[in-house]
Amino acid sequence: MRLLSALTYLAVLGIACDQSALAQSGIVPAGEKHLYLHCEGQRHGPVVILSTGLFREASDWKLIQPEIARFTQVCGYDREGLGQSTVDHLSGRPESESTDEQVDDLKNLLASAHINPPYLLVGHSAGGVLVRRYARYFPQNVAGFVFIDSAHEEQIWRFQAIDPRSVQGPPADPVQIKRNGGLSAGELLVWHFDKPLIVLEHGKPLTFDGPLAAHAAEFNAAVDSMARDLASRSSMGQLRIAIRSGHEIMLDEPKVVIEAVHDAWSEALAFEEK
């Protein structure tokens, strides 16, 4: 799709366009929903798609999106009811959708905005589970991944195996675990992706209050093990540690994220051109 026609289309949708900066922001139809989309940069190779963590907003990417836009188009968005997106779902509550429904929203959003594959998918925390699920349904659309302190599908039951008190309430409900892309107790992730993949893991250890503090070393070991597992899922996988970061690596060490995205994008571009 030529740039001029893309800008014209977005203007019709009511999206504000800054042609000098190639920035596009606004509310875009996503099936029956309406989600906020913000894109920057001119496309060259795979488009970078940014997926936030649970209850997080597209503003999380404010430090890295302009830098990624220097080498390709990059788009962040707010899931339903978060940030600048509207609430169209019957429940009226943010993050009430299943992971599969959120995948469908992302698919519809990108189609409405005429942002065509291939994509380099970047997922923070629960956003990592979301983009992996997207690749499960649309593997041909995905050129590579960057996982930023990604959640893991085995995470809930692994934490509960360390201490049952670690996850309680609705998040521990077996039905909700499945809806949120998680796996049942003892069930192992079966997922492989032999394209560029970089995993970023926080360097600052997790800390806990109360009884869970006695298991801090075990929880940290489990988190590291799951990050290494994700990196091993591709023959091109890498694990990098953001040594000065907590969970929000894109805010604590944005340069680490920018470098990882650029490296994965460069590898994905070379892989696609083979």
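**Close-up views of a predicted model**

**View 1. A network of salt bridges around Lys 33.** Lys 33, Glu 97 and Asp 105 are linked in a network of salt bridges. The model shown here and in the other views is predicted. Lys 33 counts as buried because its relative accessibility is 13%, and the cut-off for buried is under 20%. Asp 105 is buried too, with a relative accessible area of 6%. As background, side chains of opposite charge can pair when their charged atoms come close. The structure as a whole holds 16 salt bridges.

**View 2. A salt bridge between Glu 248 and Arg 56.** The closest N and O atoms of this pair are 3.7 Å apart. Glu 248 is partly exposed, at 24% relative accessibility. Arg 56 is also partly exposed, with a relative accessible area of 24%.

**View 3. A salt bridge between Arg 132 and Glu 153.** Here the side chains meet at 3.0 Å, N to O. Arg 132 sits in helix H4 (residues 126-137), and Glu 153 sits in the loop between strand S7 (142-148) and helix H5 (155-162). The pair links distant parts of the chain, 21 residues apart. Is Arg 132 buried or exposed? At 2% relative accessibility, Arg 132 counts as buried. Glu 153 is buried as well, its relative accessible area being 8%.

**View 4. Strand S5 and its partners S3 and S4.** Strand S5 covers residues 74-77. Strand S3 (residues 33-40) runs antiparallel to S5, and four bridges join them. In this pairing, Leu 37 stands opposite Tyr 77 in S5. Strand S4 (residues 47-51) runs parallel to S5, and three bridges join these two strands. Here Val 48 stands opposite Val 74 in S5. Both faces of S5 are covered. Val 74 and Gly 76 are buried on one side, and Cys 75 and Tyr 77 are buried on the other.

**View 5. Helix H9 and its buried residues.** Helix H9 runs over residues 254-272. At 1.5 Å a residue, its 19 residues should span 27 Å; the end C-alpha atoms are 26 Å apart, which agrees. Which residues of H9 are buried? They are Pro 254, Val 257, Ile 258, Ala 260, Val 261, Ala 264, Trp 265, Ala 268 and Leu 269. Seen down the axis of H9, these buried residues fall within an arc of 165°, so they line one face of the helix.

**View 6. Ile 27 in strand S2.** Strand S2 covers residues 23-30 and includes Ile 27. This residue is partly exposed, with a relative accessible area of 31%. Ile 27 and Ala 227 are 200 residues apart along the chain, and their C-alpha atoms are separated by 34 Å.

Methods:
Residues numbered from 1 in each chain as written. Predicted model: local features only at pLDDT ≥ 70, side-chain atom pairs only at ≥ 80, totals over all residues. Heavy atoms only, no water. Buried < 20%, exposed > 50% of the residue type's maximum accessible area, 1.4 Å probe, protein only. Pairing = 2+ DSSP bridges. Salt bridge = Lys/Arg side-chain N within 4 Å of Asp/Glu carboxyl O. Expected span 1.5 Å × (residues − 1). Arc of directions from axis to C-beta.
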